Amino acid sequence: MQSSIVDGLVDLARTGFSSAILNDFRTEMLTRFGSEADQDREHDHQQAVRGVTGWRLLDDGMWRCEATLTPTDKAVVDAAITALAAPQPADDGTTDTRSPAARRADALVTLCGIASGQDTTGPMGATTRVTLTLPVEALTGEAAAHDELGTPLLPAAARELSCGATLTTVVLGVHGEPLQVGREHRTATAAQRRALAVRDRGCTFPGCDAPPSWTQAHHITHWIDGGATDLDNLALLCHRHHRSVHRYRITGAVRDDGSGVDWDVVRTGLGWRPPPPPDPWTRAA
Ligand SMILES: [Zn+2]
Ligand SMILES: [Zn+2]
């Protein structure tokens with residue numbers, strides 16, 4: 001059977017069936033009646049149209065990316081995202097309030113984080129890490145930041161990314177011209193990451209059991225605030241909790257005996273948050 005006949009049948013049926021049913025039918029027909037040449041043509045078509053098409057900026061500052069994948073590539077990507085996207089109820093049984101779509105988005109970013117944690121380099125020596133060129137003011141919240149690919153970032157996001165990014169800070173002149181550019185090593189070394197994996201055994205946030213390979217090394221006191229890239233200032237956090245720690249300015253400390261990290265948080269209806277400031281009336285009494 002010619003694949004053009006299959007296409008014709010699919011066209012005929014298209015008016016009344018879902019694309020999933022049509023796809024099942026098409027695959028069944030090609031398998032049962034298609035020649036090897038038909039299947040080769042199908043393979044060539046899949047290879048020709050696959051792609052990740054550019055990032056589209058939405059009105060609210062979010063980004064949409066569209067991927068067209070072959071069935072085998074879809075199976076690989078879907079399995080990896082699904083495995084990492086399971087709900088994560090807290091240890092006290094509180095349910096994970098993220099939507100399934102949000103959990104898959106977090107899983108995709110975790111997967112990319114795992115790749116960047118490997119210190120892998122791509123073709124032409126490109127690093128898998130985010131590269132940031134920032135005015136120092138971007139980390140202190142006095143100016144917006146952009147990554148090397150032009151993505152604008154709010155200060156909390158710039159600080160979160162700079163924990164694991166290859167970072168170049170620039171000092172800008174009064175008209176925004178770069179006056180001084182310096183490259184400094186601000187991320188944990190491979191040896192430090194190995195030591196953290198032994199000490200923290202994964203994400204250090206309360207109730208999280210993400211393994212070390214899913215985590216990033218976070219600076220408890222950010223280096224812009226004088227924190228050093230030393231073991232007693234580093235803590236492993238998964239992508240989700242790393243984002244929370246930066247978003248809510250959560251502080252913590254490595255225990256004196258080096259057995260792990262304690263975060264200064266209390267359980268609220270919305271999840272773990274920093275403790276509220278002391279009530280001035282209580283203090284006065
Ligand atoms: Zn961090
Ligand atoms: Zn975590």
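## Before you start

Residues are numbered from 1 along each chain as its sequence is written, while chains are lettered from A and ligands numbered from 1 in the order in which they are written. Since the model is predicted, local features need pLDDT of at least 70 and side-chain atom pairs count only at pLDDT 80 or more, whereas totals for chains, interfaces and linings use all residues.

## The overall picture

The protein has 10 helices and 13 strands; these are DSSP runs numbered from the N terminus, with helices being H or I of at least four residues and strands E of at least two. Of its 285 residues, 19% are buried (20 or more other C-beta atoms within 10 Å of the residue's own; exposed is 12 or fewer, partly exposed is in between, and C-beta atoms are placed from the backbone).

Let's look at helix α4, residues 71-84. Its 14 residues reach 20 Å from first C-alpha to last, close to the 20 Å expected at 1.5 Å a residue (1.5 Å times one less than the number of residues). The number of buried residues in α4 is one, so this helix lies largely in the open.

The axes of α4 and helix α5 (residues 100-116) come within 8 Å and cross at roughly 110°; axes are lines fitted to C-alpha atoms, for helices over the stretch in contact, with angles from 0 to 180 degrees between N-to-C directions. That makes the two helices roughly perpendicular (65 to 115 degrees). On the α4 side, the contact is made by Ala80, Ile81 and Leu84, and on the α5 side by Arg104, Ala107, Leu108, Thr110 and Leu111 (contact means C-beta atoms, placed from the backbone, within 7 Å).

## The nonpolar cores

The largest nonpolar core has 17 residues, and Cys203, Ala217, Ala235, Leu236 and Leu237 have the most contacts inside it. A core here is a set of buried Ala, Val, Leu, Ile, Met, Phe, Trp, Tyr and Cys residues joined through C-beta atoms within 7 Å. Strand β9 (residues 234-238) gives the most to this core, with five residues.

A second, separate core of seven residues includes Leu132, Leu134, Ala138 and Ala145.

## Two arginines to find

Arginine 201 has a positive phi, near 55°, and sits in the loop between α8 (190-200) and β8 (215-219). Arginine 201 is partly exposed, with 13 other C-beta atoms within 10 Å.

Arginine 249 has a phi near 50°, also positive, and lies in the loop between α9 (239-247) and β10 (252-254). Arginine 249 is exposed, with 10 other C-beta atoms within 10 Å.

Methods:
Angles under 35 degrees count as roughly parallel, over 145 as roughly antiparallel, 65 to 115 as roughly perpendicular and the rest as oblique. Two residues are in contact if their C-beta atoms, placed from the backbone, lie within 7 Å.
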